[in-house]
Amino acid sequence: MSNAKNIVVTAAAELFGKKDPAAVDRWVAADYTQHSALAADGPDALRQLVAGLGDDFRYDGARVLADGDLVALHGTYHGFGPEPLVGFDLFRVDGDGKLAEHWDALTPRVENTVSGRSQTDGPTEITDPDKTEANRALVTEFAQKVLVGADYSVLTDYISIETYAQHNPEAADGLDGFGAAAAKWAEQGKTLAYAKVHQVVAEGEFVLLQSEGTFGVPVAYYDLFRVQDGKIVEHWDAIAPVPAELPHGNGLF
């Protein structure tokens, strides 16, 4: 486990597992920059958030990716509201080994998905660490040509036509399943439109994109892809509306 990954996993366990506000002093930088819609800037706001977590709060982690000083968590929060929330947290670890910056996107958990898959199940272990850079390049090019560029004629250059396991709750497996969902969304006035990819986090066969765009309204897109043999074979995501106001001036991105 990389040092940054170990730091984030340990800090998250103390902050959100043990719900220990004192963990902020051990793990969070004094100039902690917050991008979440749930908390204000700085370590004091995070300490207040942790101190206010109820007895019913828990976090069920599914995946952890580390890429240099960036570490991404994928999992489910229980107790932030009446319904569980699935999403991604992205942390930057500074040179002192402290959490220095945080981004996230959360979306309601859906019990009955179109594909029958949950929003977090599927492979979790990183088995192809030597393919990190090749997979990063593949997904980055896919993002620029297909997601941002909207050139769907090259879709099969990047996504497998044989296996495409879908975890978006409204789409079935395969490219046909995604196409049907996209058509339904368009009828509802929710066209998938990506304006900019802000961050790419890659480790082994997993590549996470943090992007902004619109889906009827301005949104943050977090898309996690699994690559196998040079093609995307699995997809998880969280699409979160951009709030009109944030409790800080840092923006979501």
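The expected span of a helix is 1.5 Å times one less than its number of residues.

First, what we are looking at. This is a predicted model, in which local features need pLDDT of at least 70 and side-chain atom pairs count only at pLDDT 80 or more, while totals for chains, interfaces and linings use all residues. Residues are numbered from 1 along each chain as its sequence is written, and side-chain values use heavy atoms, with hydrogens and water left out.

The protein has five helices and ten strands; these are DSSP runs numbered from the N terminus, helices being H or I with at least four residues and strands E with at least two. Its C-alpha trace spans about 50 × 40 × 30 Å along the principal axes. The radius of gyration, taken over C-alpha atoms, is compared with a globule rule of 2.2 Å times the number of residues to the power 0.38. For 253 residues a compact globule would come out near 18 Å, and the protein has 18 Å, so the two agree.

Next, burial. Buried means under 20% relative accessible area, exposed over 50%, and partly exposed in between, with a 1.4 Å probe and protein chains only. Of the 253 residues, 49% are buried.

On contacts, meaning heavy atoms within 4.5 Å: among those between residues at least 6 apart in sequence, 54% join residues at least 24 apart.

Now back to helix α1, residues 3-17. Its 15 residues, at 1.5 Å a residue, should span 21 Å, and the end C-alpha atoms are 20 Å apart, which agrees. Which residues of α1 are buried? They are Ala4, Lys5, Ile7, Val8, Ala11, Ala12, Glu14, Leu15 and Phe16. An α-helix has 3.6 residues a turn, so residues three or four places apart point the same way. Just after α1, Lys19 takes a positive phi of about 55°.

Let me stay with Glu14, which sits in α1. Why does Glu14 count as buried? Because its relative accessible area is 14%. Beyond its neighbours within four places in sequence, Glu14 is in contact with Lys19, Asp20, Ala23, Arg26 and Trp27.

One more residue: Arg47, in helix α3, residues 43-51. Arg47 is partly exposed, since its relative accessible area is 24%. Not counting residues up to four places away in sequence, Arg47 touches Pro21, Val24 and Asp25. Between the C-alpha atoms of Arg47 and Glu125, which are 78 residues apart along the chain, the separation is 31 Å.
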